[in-house]
Amino acid sequence: MDFSFTPEQTAMRKTIVEFARRELNPGLEERYRLGVFPHDLWEKCAQMRLLALPFPEEYGGDGFDFLTTVAVYHALGYACKDSGLVHALTTQIICGIQIWLFGNEAQKATFLPELASGEAIYAQAITEPGSGSDAFAMRTTATHQEGGYVLNGSKTMITNAPVANRVLVFAVTDAAKKSFGGISCFLVQAGSAGFSAGKPMEKMGLRTLANGELFFEACFIPNSGLIGREGQGAMMFSEAMEWERTLIPACLLGELERILEEAVKYARERHAFGQPIGEFQAVSHKIARMKLNAELGALCLYSAAALKNRRKRAALETSVAKLFISESLKQAALDAVQLRGGYGYMTEYEVERELRDSIAATLYSGTSEMQLNILAKLAGL
Amino acid sequence: MNTREIIRDFITTEMLHQPLETPLRDDAPLVESGIIDSMGVMTLLSFLENTFSIQVSGEDLMPENFSSIETIATLVERYIR
């Protein structure tokens, strides 16, 4: 397989790298300290058409294939140090893919243009206080009522929730059918009666990303708010995870490559005991491991992306990519701190922030343990 | 093997991982019995799409289409036609 970028993809990646360094990185330290979602940068990303890439032009998108979208987000992850913002953007894309794949024509025509333009911010609500990895043990219910459904329950740690205009909410519509067939997906609009969002939750990392709670108290959703068909929620979720576990690792791999690049630079410039520290195997082997993982991560990523680009199933490949790249990133960030010694622990040198951000990567979109469970099952257990 | 036999063979060997005393019937409930769940269905879909060179689209990704060998075969044959 040839995973080299086309000239167009190469040009787009270069443009995004320059854009991110010029527009997205300045001021990050202060934003991160304050823990605020950067609405202004969201708009700049939207103007760069980062939210429109994979969607058809008839729905306000730019009509690029998924492989190109992955290549561009790979570049974004590399150049943009604001990992919270990058994660918010990927969440928007994944919400859009679900509407595109499962929504009816009216929903696609109504919601995709505002999503692709960034005019509306989207969130996807699955996790609940009592159900994290066991997502389908959710308790939020959607009960039939004339003309629609009534939502009751709550969600937590939802990405973009405090700033979202629209939320894809997964809820139980038929408890007797258990998870497979008993869960459905609804589009809830901010301002709907009975719907409210909590304040952003404080986090150890990804501090510019807004995560929070959502509350549904007798929140009426008309039939037109049902995405896909009733009972299709679990399958939508499984489908969405394959796309998410390709797009997110693209960004994470970019981060890993940046950490590697900066580690090499530091190891060449920093001297100890009369020579560059990169001459010591204790340092060079850490960097070699980063390089190894970056190379293998790229193979995992583009193998998964090539399958999704052809609309093929890729449960195995996407779990491998998510698990391998997120764990590699966390290890690289930890090593990047270690090889800088005390400086690595100082906030001024940024790597401690990258370490805190990287831990989240092994938790969201299915923890590393859940990815191993999936792989065990696919291996025949 | 015909479509039903191919599907039965895959479910028996790859999803149940054990030989059965009597073969799975065409109408045996796969979802209710827990043989197929939200994860398993993606594995099955991957097999079906590769084996029969089809691509099952969004609106057909419904649990009832995977509730038995019979319904799965009906779905596959509709795409093949």
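Here are some questions and answers about how features of this predicted model get their labels.

The model is predicted, with local features needing pLDDT of at least 70, side-chain atom pairs counting only at pLDDT 80 or more, and totals for chains, interfaces and linings using all residues. Residues are numbered from 1 along each chain as its sequence is written, chains are lettered from A and ligands numbered from 1 in written order, and side-chain values use heavy atoms, leaving out hydrogens and water.

Q: Why is Gln107(A) called buried?
A: Buried means under 20% relative accessible area, exposed over 50%, and partly exposed in between (1.4 Å probe, protein chains only). Gln107(A) has 4%, so it goes down as buried.

Q: What does the side chain of Gln107(A) reach, and what makes that a polar contact?
A: It reaches the backbone oxygen of Leu226(A) at 2.7 Å. A polar contact is a pair of N or O atoms within 3.5 Å; within protein, one must be able to donate a hydrogen and the other to accept it, and residues adjacent in sequence count only if both atoms are side-chain atoms.

Q: Which residues is Gln107(A) in contact with, leaving aside neighbours within four places in sequence?
A: Contact means heavy atoms within 4.5 Å. Among the partners of Gln107(A) are Ile99(A), Ser224(A), Leu226(A) and Ile227(A).

Q: What makes Phe5(A) and Tyr302(A) an edge-to-face aromatic pair?
A: Rings of Phe, Tyr and Trp (its six-membered ring) pair if their centres lie within 6.5 Å; planes under 30 degrees apart count as stacked, over 60 as edge-to-face and the rest as tilted. A search of the whole structure turns up 11 aromatic pairs over all chains. For Phe5(A) and Tyr302(A), the values are 5.7 Å centre to centre and 75 degrees between the planes, hence edge-to-face. This pair links distant parts of the chain, 297 residues apart.

Q: Why is Phe5(A) called partly exposed?
A: Its relative accessibility is 30%, so Phe5(A) lands in the partly exposed class. Tyr302(A) comes out at 5%, and therefore counts as buried.

Q: How do you know that the charged end of Arg311(A) sits over the ring of Trp100(A)?
A: The rule asks for NZ of Lys or CZ of Arg within 6 Å of the ring centre and within 35 degrees of the ring normal. Arg311(A) is 4.9 Å from the ring centre of Trp100(A). Arg353(A) lies over the face of Tyr32(A) too, at 5.8 Å from the ring centre.

Technical notes
Helix = DSSP H or I, 4+ residues; strand = E, 2+ residues; numbered from the N terminus.
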